Amino acid sequence: MALPPPDPQFVLRGTSAAVHTLHFSCGGQEPDVPILFSGSENGFIHVWNLKTHRVDTALDGHGRKSVYCVETMGDKTRLLSQGRDQRICLWDLAEGRTAVTDSVFTENVGFCRCSLLTVAQGRWLMAMAAKALEEVQVLELPSKTSVCTLKPEAGAKLGMPMCLKLWQLSSGSQPLLLAGYEDGSVVLWNLSMGKPLSQLACHQEPVMSLDFDSEKTKGISGSSEKVLSIWSLNEQQNLQVYKTHNLVNAGISDITIRPDKKIVATAGWDHRIRIFGWKKLKPLAVLDYHTATVHCVSFSNHKNPRERLLAAGSKDHRISIWSIYTQT
Amino acid sequence: SAMAAPELERALREAAAGPERAGEAAAVALGAVRAALAAAGGAAALSERERALFGAFLRSLARAPRAARPEGVWQRCFLEGLPAPALCVLLEALGCPRLHPKEVAEVLEQFLQEGRMSALLWEVCQQPAQAGSPELQEALLNRIVCLPDYVSNKLEGKNPPVFFPQNYFPLLGGAIIQVLQKISDSLRGGLDCSISFVSHVLGKVCIHGRQKEILGILLPRLMDLTKSDCIWQRICWRLVECVPDRWMEAVVLGFVQRAPGADVLSRVLGNLVVKNKKAQFVVTQKVLLLQYGHTTAVLQNLLGYLALDSLRRASLSSLLQVLQELLETWSSSSAVKHSPPEQQQYISKAILICLSHLKKTEIESCRQELLTSMMEGVKCHLDSSLPQIRRLGMIVAESISAKINTDGPVLKYSALLLPSPNFPSQDFVPCVSRARWETTAEVILCHSVQAARTNSCLHFTYSDDDLIPYDMSEDKEVKIKAPVYIRDCIEALTGSEDMDKWEATIKALESLVRKNPEATREVSVELAKILLHLEEKTCIEGFVELRQRAQVAVLTTDPIPVAKYLTSQFYSLNYSLRQRMDILDVLVLAAQELSYPKSHGKTKHSGGPKPCIQLLPGSDSSKDWRRIVDERIKSKTRRFSQMELASGANEFNSVAGHFFFPLIQHFDRPLTTFDLLGEDHFVLGRLVHTLAVLMYLAVNTVAVAAMGKALLEFVWALRFHTDLYVRQGLLSCISSLLISVPAERLLEDMTEELLETQSWLGDVVEKDPDGDCRRLALQNLLFMENLKKKLQTAPS
């Protein structure tokens, strides 16, 4: 018989609000402690020390409005956060500072997370939903200069962008953007031309989350439906459906492929985290710990594969930390 | 004949004059009579004078001493001469001291066996005038038809089998057939003869209740003979037409009941309904509208017969006319209210059969009338408190509608409202579903074991990546977690927009209430109020039952305040009938639960029969089935230990009055929206039944005597209610009262009322149109008698 699913390795309590986003920073050498950033509904960003399992710092920069995206820029001293106050903040956390060094006023009322891509040392591209409902804007950071604005053709009726993923085939090559829209379709954008390259209707409902494997040029998306959609990008840069996978319960709020591209984790509205093998989307485990919707899942970037962790944040105010399939 | 006459006359005179002659002389005299009779050319040729002489001769023979009656000869005189006087004299002789009854019986038996009866009938048919005056014919008719009774009386039961009715009347039937045959022959020969005496015999036999015996012989023969022969058909029609009016009903009914089909009936009866007023009344009125015990086959025969002939269709007794009269009864609200359900079913059947026989043109001609009666009828049927009446109304209305609207829209009731009559009883369902569940569970188990095996094999032989899945069998569809506190439930049920939570709450509420009695008591009335007003927001399976169980749980947890609230709401403004009936149901269920003994403080909810108010009185075969199985198990099982009977305080004792009195107080005060004594008699019926159950459950409580007295007054006030369901409830009230109130208190405190009730019950037994009411009343009367007897025998 199959083994029962594991319990969480530990649980982080104390955000006192629903957790909307998580981001690990564990790539540093000793004596750097591994860190987990969490953004919650009450506007705080908590910096968790994964050695002590305690909060080191709580950052308050979004006027107590929900924080729904946190990313590090390079190392753990530079942080990007996005909140419902329509601002994206850039933080300087070096030497114990907790200062917002710069911010971008997005003027967007949705909750589409921004996407960050390192294009050179100290230079990043950031895609975010823009003020106009259907548009996506790409900025260069830290200069904040606008690279392009991606407008769907008139009459495309895609709706709002729901999730974004900036990527490039190899470092130095042309960056591309994958965007999931309100009408259920995923669009591949060429940034330099500002034109869509391919469009694929993956879902009947808004795309809630997507992730993309640039090595295998294969992506996965989830919506409020009972189905996961896996699609691939062929040589002609056309998106096509690879397969679909039916779920027991409807609703996916987040999808993440582990950096080693072996497994995928999904955050479910049914309170459960699901693990699949990335190769064939073979179901591997259902982690049932939370008592409310799981909002986000994130994998750690530990150098040693055996230490790699999975974190999930939920509406029940808790963050569960799992160690799963670390032997591969 | 003229030549022989003087000789016969002389011989008869001689034989009749010398009764004292004995031996040889007597034999010679009798021989002379026989010879003269033969020479005269048989009995038929005799003149009236000779007939009278012959009668006198037979009479003297019967009175003669044994020596004057040479054995073997005197019997022949009775069998060869005129059959009518022979029969009369023989029957008279049964009482005569000279002749032994046994001897007479033997001759009579021979008389029957040798076919003298048909000779007798034929003689009367041939010369009706000669057979004597109408009085004489009447006397003869009496003798023929009453022969079995007469013989049996005289022989004091020692009569030979041939005189038993079941043997005699078929014999008579055979005789009639022979006579009819002769009549047919003589008609073909151009001779006229009268059939009326045979009709009289048939009529009288039928009115004596011997249709089965006589028609059992007659009808099959007549069916055969009339098939293709028009003379036989005319004979047959005449035979029925000549039956006197006073016997017509018995004959017509006999034929209608026994005919195998409408075509046969049409052949045998002809246009009787058109020619004969009495027959018309019987066929179109009495059988259809006044009686209701006949089988469906009879109805089909009768209406088919009316439909078969164009003359009949055109006449006053036409099918259309019949249908209109049937519909008039069907759509009369008074008939629906007062006639027994069986009769209504009968009339509905007749209507459906009529509809099937009607032609399109005939329907066209009366479409408007049909529509009007349908609308009226369906209204008063749907008003009825008995489900089977409502169902009948819907079925008939659907059929009429389908007939009159061949192209337009047709009335159609939802299948939910029209369950098939053999709908399996609820009791049976759990058994079936449990069995099915067990097998499916097994199947699933096998499958999962197999799946696990194949999975592990796969892992060893072929593995695309080396990730071993964990057990995912727990990954099932999410059920929303229900609240765990009573106060959360209140919030979820009232404020919440979250339908999943609302559903989960209503499902969990009962067990939550039972687990937290203290917390429930803090908010019991509020909770009862919410539940009473709770509407089904989403489509949950068994919502009504879930809500009801929660209501019962709240009421049993905190009986007095909640009962006070519910009973006050029963008579309040602005409730739907459904809510008022919910209140009654909840009170009954809670009372039952409270009055049941509990073991170790735990209540059994699931087991035990549910005290549903019985809507449909009648036999419940599945219950019988269960009882039989239980008894068998009991008889084949040996128990080594005594079953311990649960015991505990009767919790209903202290609260019975709170359930009962508020309900009984205000029934006669109509509100603007709720009038128990008027329109809303269905709720009144439920109220009455509820009171009966509460009374029954209040046995051994302190308040029972006071409750009984109040209930008697209540019943007295409503005893003439027109609604059947209400009256049944009242009679149940009396039963409960007699069971629950101790006999001493009954007879001491309520003597007057009981006497009144007793006389009312007597009236019900005699006059109530409903069978169940009569039965209940009779039961109550017997019960009263037994109580009285018990008190008298008990040492005071």
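This is a predicted model: local features need pLDDT of at least 70, side-chain atom pairs count only at pLDDT 80 or more; totals for chains, interfaces and linings use all residues.
In chain B, the secondary structure consists of 39 helices and zero strands. The chain has 796 residues, of which 46% are buried. Among contacts in chain B with a separation of 6 or more, 75% join residues 24 or more positions apart. The accessible surface of chain B is about 40,900 Å², and carbon and sulfur atoms contribute 56% of this area.

One of the helices of chain B is α3, which covers residues 48-63. Helix α3 of chain B contains 16 residues, and the distance from its first C-alpha to its last is 23 Å, close to the 22 Å expected at 1.5 Å a residue. The buried residues of α3(B) include B:Leu53, B:Phe54, B:Phe57, B:Leu58, B:Leu61 and B:Ala62. B:Glu50, B:Arg51, B:Gly55 and B:Ser60 are also among the buried residues of this helix. In general, an α-helix has 3.6 residues a turn, so residues three or four places apart point the same way.

A further position in chain B lies between two helices. B:Glu114 is found in the loop that runs between α6 (101-113) and α7 (116-126) of chain B. B:Glu114 has a relative accessible area of 39% and is therefore partly exposed. When neighbours within four places in sequence are left aside, the contacts of B:Glu114 are with B:Arg76 and B:Leu79. B:Leu79 is 35 residues from B:Glu114 along the chain, and the C-alpha atoms of the two are separated by 8.1 Å.

Aromatic side chains were examined next. Over all chains, the count of aromatic pairs is 10. In one of these pairs, the ring centres of A:Trp167 and A:Phe212 are 4.5 Å apart and the planes meet at 45 degrees, so the pair is classed as tilted. A:Trp167 belongs to strand β14 (residues 161-167) of chain A and A:Phe212 to strand β18 (residues 207-213) of chain A, so the pair ties together parts that are 45 residues apart in sequence. A:Trp167 and A:Phe212 are both buried. Ring pairs also bring in A:Trp231, which forms a cluster with A:Trp167 and A:Phe212.

In chain A, the charged end of A:Lys218 is located over the ring of A:Trp278, at 4.8 Å from the ring centre. In chain B, B:Arg246 is positioned over the face of B:Trp247, 4.2 Å from the centre of the ring.

A:Cys114 is in no disulfide, and the nearest cysteine sulfur, that of A:Cys69, is 3.9 Å away. The cut-off for a disulfide is a pair of cysteine sulfur atoms within 2.5 Å. A:Cys114 has a relative accessible area of 5% and is buried. B:Cys236 is likewise buried, with a relative accessible area of 1%.

Several loops of chain A were examined for their backbone geometry or contacts. Most residues other than glycine have a negative phi, and most peptide bonds are trans. The peptide bond from A:Leu141 to A:Pro142 is cis, and its omega is near 0 degrees. A:Pro142 is placed in the loop between β12 (136-141) and β13 (145-150) of chain A. Phi is positive at A:Gln237, with a value near 60 degrees. This residue, A:Gln237, occupies the loop between β20 (227-233) and β21 (239-246) of chain A, and its relative accessible area of 29% makes it partly exposed. A positive phi, near 75 degrees, also occurs at A:His317. A:His317 is in the loop between β27 (310-314) and β28 (319-322) of chain A, and with 36% relative accessibility it counts as partly exposed.

A:Thr106 is located in the loop between β9 (99-105) and β10 (115-120) of chain A. The relative accessible area of A:Thr106 is 7%, and the residue is therefore buried. Not counting residues up to four places away in sequence, A:Thr106 touches A:Gln86, A:Arg87 and A:Ile88, together with A:Met128, A:Ala129, A:Ala130 and A:Lys131.

Definitions and conventions: Residues are numbered from 1 along each chain as its sequence is written. Chains are lettered from A and ligands numbered from 1 in the order in which they are written. Side-chain values use heavy atoms; hydrogens and water are left out. Buried means under 20% relative accessible area, exposed over 50%, partly exposed in between (1.4 Å probe, protein chains only). Helices (H or I, at least four residues) and strands (E, at least two) are DSSP runs, numbered from the N terminus. The expected span of a helix is 1.5 Å times one less than its number of residues. Rings of Phe, Tyr and Trp (its six-membered ring) pair if their centres lie within 6.5 Å; planes under 30 degrees apart count as stacked, over 60 as edge-to-face and the rest as tilted. A charge sits over a ring if NZ of Lys or CZ of Arg is within 6 Å of the ring centre and within 35 degrees of the ring normal. Contact means heavy atoms within 4.5 Å. Accessible areas come from the Shrake-Rupley method with a 1.4 Å probe; for residues, only the protein chains shown count as cover.
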